[in-house]
Protein chains: 2
Amino acid sequence: MAENRERPPFQIGQQKVSRRGLLGAAAGLSAGALLASCSVLQRKEETPKLGATAEEIIKQRQLTPEDVTAALMTYVPSGKYDEFLMFSSTGHGGQVLVHGLPSMRLLKVIAVFSPEPWQGYGYGGYTNEVLEGGYFKGKPILWGDTHHPALSETNGEYDGEFLFINDKANGRIAVIDLRDFETKQIVKNPLLVNEHGGCFVTPNTEYVLEADQYSVPLGGVYAPITEYKEKYRGVLTFWKFDRQKGRIVPEESFAIETPPYWHDLADAGKGPSHGWAFWNSINTELAIPGLQEGRPAMEIATTQRDMDYLHVVNWKKAEELIAAGKYETINGFKVIRMDVAAKEGVLFLIPEPKSPHGVDVTPGGDYIVVAGKLDPHVTVYSFAKIQQAIQAGNWDTDEYGIPVLPFEQCVEAQVELGLGPLHTQFDDQGYAYTSLFLDSAVAKWSLGKPYREDGWKLVEKLPVQYNIGHLAAAEGDTAKPAGRFLVAHNKWSVDRYASLGPLLPQNAQLISIAPNQPMRVLYDSPIGIGEPHYAQIIKRERIKAWEIYPEVGWNPHTQSVDPNAVLKVGDERIERRGKTVEIWAVLLRSQIRPDLIEVEQGDEVIWHLTNIERAKDATHGFALGGYNINLSLEPGETQTIRFVADIPGTFPFYCTEFCSALHLEMMGYFLVKPT
Amino acid sequence: MAENRERPPFQIGQQKVSRRGLLGAAAGLSAGALLASCSVLQRKEETPKLGATAEEIIKQRQLTPEDVTAALMTYVPSGKYDEFLMFSSTGHGGQVLVHGLPSMRLLKVIAVFSPEPWQGYGYGGYTNEVLEGGYFKGKPILWGDTHHPALSETNGEYDGEFLFINDKANGRIAVIDLRDFETKQIVKNPLLVNEHGGCFVTPNTEYVLEADQYSVPLGGVYAPITEYKEKYRGVLTFWKFDRQKGRIVPEESFAIETPPYWHDLADAGKGPSHGWAFWNSINTELAIPGLQEGRPAMEIATTQRDMDYLHVVNWKKAEELIAAGKYETINGFKVIRMDVAAKEGVLFLIPEPKSPHGVDVTPGGDYIVVAGKLDPHVTVYSFAKIQQAIQAGNWDTDEYGIPVLPFEQCVEAQVELGLGPLHTQFDDQGYAYTSLFLDSAVAKWSLGKPYREDGWKLVEKLPVQYNIGHLAAAEGDTAKPAGRFLVAHNKWSVDRYASLGPLLPQNAQLISIAPNQPMRVLYDSPIGIGEPHYAQIIKRERIKAWEIYPEVGWNPHTQSVDPNAVLKVGDERIERRGKTVEIWAVLLRSQIRPDLIEVEQGDEVIWHLTNIERAKDATHGFALGGYNINLSLEPGETQTIRFVADIPGTFPFYCTEFCSALHLEMMGYFLVKPT
Ligand SMILES: [Cu+2]
Ligand SMILES: [Cu+2]
């Protein structure tokens, strides 16, 4: 503990500070030198008198035996790594959080739909273009309501390469590259406005699934609410993902039109059900708002029926229809109309108990678990039975002509768990875990064969604090769950934390699901930065992130060397062409070169900036006061900003990272001469 | 652990779900009912086999005895509260973080300079006006570089009422009200562009201190860099704070002009030095950039001199000058010119060893500690000696005519600590703690009399990982430090955490400074959401935040009931006046009333929204897809949004909080008919 074993590269080893030493470090020197001065420690030799032993601390802090074991199970010593990483949404925060497990420490916030200046996201540079990709009919939309992160998969297991996340409020999907943990793309779904049933990926990330929640006319155009039944529509979207490019390809994507039921969650089939996808739905009543017009409240009108519809989609078949040209193009997007989907065996419905909120495919791909939040059971559908029912062909249709398979023929089991069952995850022991919103509890229940001999039944319920929405088990929605840990994403925290005003954090609780032990809450983790909905938990070692960019001059948008990169000191320059001033700049400890730029008011400025550092963690920021510009340039990175120098004056620019002892001197002046 | 002791108010007690029960809950009912079903637990009775005892866990996880005690010292059990709260800046993240100590959990992010949609900050509503207060010459500036949070003080102690924070990049100060933890005001300093020496408060929060860093001509106007010495100026600002209004009052604030030295940090005098303030400075060389013109790099040019200048300001005297009209008004702001400040005994300089970075007044107000980052000592100035030197009157002046007091006459002690000393904090035992940037260590040293008998000397150094900038001890910059804990704000983390791409978190390390024990690192806390600079740590019980807003219809901007609040269901309404549609809406579980709004393209929409809930944690969001609008309405809150319905179409709006089992049904449609 008293040893300073590892030292970052820019530390200085001399006993006396010399300016030369500091400047040498600035230029990348460093090697020499571990500090002698560390041995100058003058530890007091008095024996500790207060709380220095475990027993004393336990007594002073009044820790229970359960507190002690929980502390020991979750503490991660300095320099040791967490075993798992949890990627969660932040709801209307619009971002993604990365926590370490078991410590539950927040390791990173990834900016996605909302600008975030620490990452330089949306404050100049290529990230502005990423955000512009998500504009809505030309209007800047600079937030999102993220719900369901989806890690890319290979053979139904997380491969640690990409992360997708949806924006419920504006109908968008974002792509995050897990080499640098940056958002690379936002696509706006041109058919819908509001969505919920995304992101979920097919087992090899062929497609990213997204569906509408609150139906609108296709394309979001205007239609009177009284024409809801005739003109409003649901949309099940299959976004094609190109792993080489690291981008969703809208031209190779397609959607399936449905009746205007509100789609909720989705899951992709795998194993025997590979090639299929499942969405549940609510408001199959086709209720519309209109309190002022005398209509009942939506919460009443949408919960009249005892059954809603599980949507069962054969996407392999849909691909064939697209290849055969059996689609229409609406707002530039390929759409299989619902009569075609029904006729061609692409879309089936199955009744599901009322107002379901979760649909989850078992690890083997053989069952689909639906939780009806107004029904105390989980309902387990057998994929084999669904296939038999389809083959049998004795179905009715809904009022739009979509086949409705008989409930009894498709169901394998129903398990009574408690009040408000929502979402289900799995472990490596053949158990399932379902969140119970109204009970504020997690239900553990056993899967029937081939998973376990004990059959489909409730095993145990663990109270959580409070009102759990989604839950996430370690790799618990993949083909090979990891077990051991589960996180309850509780929507309210109420009295769990010190009062910090009327807006309370949510409460993510780490739960042990170790085999042959009762479940137990190990740790309370406040989320005071958004409203996490779903999360996925991945083994840390599956992530193979870059420590620095592969080459100097790297453009993270193209993931290649930028033609405007400046690769070494001395190549920086300024060019003036009429009313355009173009600057090629280089950043290193502790200089931004060139450090003096003078332009005239009204000039267009194009400023290329390259961080030529190769040391891990040697990030430089670039802030230009008064111009709403801030970049984060990680080692090797190149970015370009463009703006019009419309405000005259004297504007300092500087590095926003505390990157060396002389970081305050890493600055320059941008002078705009009035015209 | 298995008992569900406390339940939030909207949980349902019935064994069977009834729609009536849910809707009753929606309307605020709830009382009845603790769940019988919780006793249905079916715990497996097998004895635990894996790591269920403390000894087993310690062995499996290979925890050292130090790890064990650190785990026990930092773990906060579910439902128990942290003892301290740490308010830290996020650097170019532009926000404020609130962590709990000793758990180091992130409890809340407070949006300040950057929009943040979870808090509804900058996405419609009154917070847009707060952000507009910080616009720069009419240009939206939607981020900041926060450095130094300052809690309001009474008699030199934190009073838990307000928090101030600066924006280095754009020269701004924000005011946060700790009743609701929301930013209420952003003021732009009209004299400067870039600043660093803020926020620091006087002992009764009479003033919030702010000073420029990179000098510009007063008001930030254009002047050639070659006229730096003649036309560029420093600015020491005293922002008047009105505690009743909870606002800074620019008209009652003033500034003191200085030579164009770069001001760094500040501290206010207290006790015997009450009425005085201190700023240190760098670049007293008056160096200017110009690499392309053949000038040396700023990191070299600004570090030529062996001494820079501590600025000593008599602000009580400055108040008298203002009252006497001895000021000029520049950009609407009162400025005491430097010749007047020099002549009237308001401004003095004292040499300080080279390129200092921290200035900190001791708890008793009797000494001023300066750390010269290129000098291995801390230099301790005696306030009494400074007063004697002023009285003696035998000073020289700098080249601008400002008195320079003799170094030797003002210094009490110099203590050699190590390489790169920066900032100093204090404990309750008479010790000081100084961060050593280049050593990557914390130095503990004893204060001389009246604090300790052992005299001014180094006691101990603790290595930290890596490159500590600021540090914060519990109430460690107040008149009564609390001791026990200190947090090292390390700028680099290098190898401390799992690799999540080239942008690494910073590393805040919790350090025990318990009396009569060696210092030790207890906990590593990654900060993956910004670059914290300074922090202040306050006893939790000093914060008296509201749990809900005081009355239904509360406007958090005016902190009073809003005239457009709707106080009960049934009073909601829509009014149309020509091209204006005004809506008075009410939110409750699970309805937004009215739920159907139809306007014509081009209409101006004024939408008042009131959350009439009175239950703690019953926050509702309000999102309007496609219009970049999201509010967070805490219990009792009223907000108003205004926009032009310029895009035709069908737009769902909904509550973005998971506020009840039927939260998905808390929605409506906003229809914009094309014209
Ligand atoms: Cu830098
Ligand atoms: Cu709500």
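Buried, as used here, means under 20% relative accessible area, exposed means over 50%, and partly exposed lies in between. B:Cys199 has 0% relative accessibility, so this residue counts as buried. Please keep in mind that this is a predicted model.

## Around B:Cys199

Let us stay with B:Cys199 for a moment. The residue is found in chain B, in the loop between strand S7 (182–188) and strand S8 (200–201). Another cysteine of chain B, B:Cys655, is buried because its relative accessibility is 3%, which is under the 20% limit.

How many disulfides are there over all chains? The count comes to zero.

## Backbone details in chain B

A cis peptide bond also runs from B:Lys449 to B:Pro450, here with omega near 10°. B:Pro450 sits in the loop between strand S28 (441–446) and strand S29 (457–463) of chain B.

Two other loop residues of chain B are worth a look for their phi angles. B:Glu475, in the loop between strand S30 (468–473) and strand S31 (484–490), has phi near 45°, a positive value in a residue other than glycine. B:Asn516 lies in the loop between strand S32 (506–513) and strand S33 (520–527), and its phi is near 60°, again positive in a residue other than glycine.

Are these two residues buried or exposed, or in between? B:Glu475 is buried, because its relative accessible area is 1%. B:Asn516 has a relative accessible area of 35%, so this residue is partly exposed.

## Where chain B meets chain A

At the interface, 226 residues of chain B are in contact with 228 residues of chain A. The size of an interface is often given as the accessible area lost when the parts come together. Between chain B and chain A the buried area is about 20,100 Å², and carbon and sulfur atoms give 61% of it.

The two chains share four salt bridges. One of them joins B:Asp646 to A:Lys139, with the closest N and O atoms 2.8 Å apart. There are also 65 residue pairs in polar contact between chain B and chain A, both residues being at pLDDT 80 or more. On the side of chain B that touches chain A, helix H3 (residues 65–74) gives the most, with nine residues. Sorted by class, that side of chain B has 117 nonpolar, 56 polar and 53 charged residues.

B:Thr74 is found in helix H3 of chain B. With a relative accessible area of 3%, B:Thr74 is buried. What does B:Thr74 touch, leaving out residues up to four places away in sequence? In chain A the partners are A:Arg61 and A:Tyr75, and in chain B they are B:Pro102, B:Ser103, B:Leu510, B:Leu522 and B:Tyr523.

## Salt bridges within the chains

A search of the whole structure finds 74 salt bridges over all chains.

| A:Asp167 | A:Arg172 | 2.9 Å |

How buried are the partners? A:Asp167 counts as buried because its relative accessibility is 0%, and A:Arg172 is likewise buried at 0%. A:Glu257 is buried, with a relative accessible area of 6%, whereas A:Arg337 counts as partly exposed at 24%. B:Asp603 is buried at 1% relative accessibility, while B:Lys579, at 44%, is partly exposed. Elsewhere, salt bridges that share partners join A:Glu157, A:Glu475, A:Lys480 and A:Arg542 into one network.

## A strand residue of chain A

A last stop is A:Ile606, which lies in strand S41 (residues 604–611) of chain A. Its relative accessible area is 7%, so A:Ile606 is buried. Not counting residues up to four places away in sequence, A:Ile606 touches residues including A:Arg577, A:Val581, A:Ile583 and A:Ile641. A:Gly134 is 472 residues away along the chain, and the C-alpha atoms of A:Ile606 and A:Gly134 are separated by 24 Å.

Definitions and conventions:
Residues numbered from 1 in each chain as written. Chains lettered and ligands numbered in written order. Predicted model: local features only at pLDDT ≥ 70, side-chain atom pairs only at ≥ 80, totals over all residues. Heavy atoms only, no water. Contact = heavy atoms within 4.5 Å. Buried area = accessible area lost by both parts, 1.4 Å probe. Salt bridge = Lys/Arg side-chain N within 4 Å of Asp/Glu carboxyl O. Polar contact = N/O pair within 3.5 Å; in protein donor to acceptor, adjacent residues only side chain to side chain. Helix = DSSP H or I, 4+ residues; strand = E, 2+ residues; numbered from the N terminus. Nonpolar A, V, L, I, M, F, W, Y, C, P; charged D, E, K, R; others polar. Disulfide = S-S within 2.5 Å. Buried < 20%, exposed > 50% of the residue type's maximum accessible area, 1.4 Å probe, protein only.
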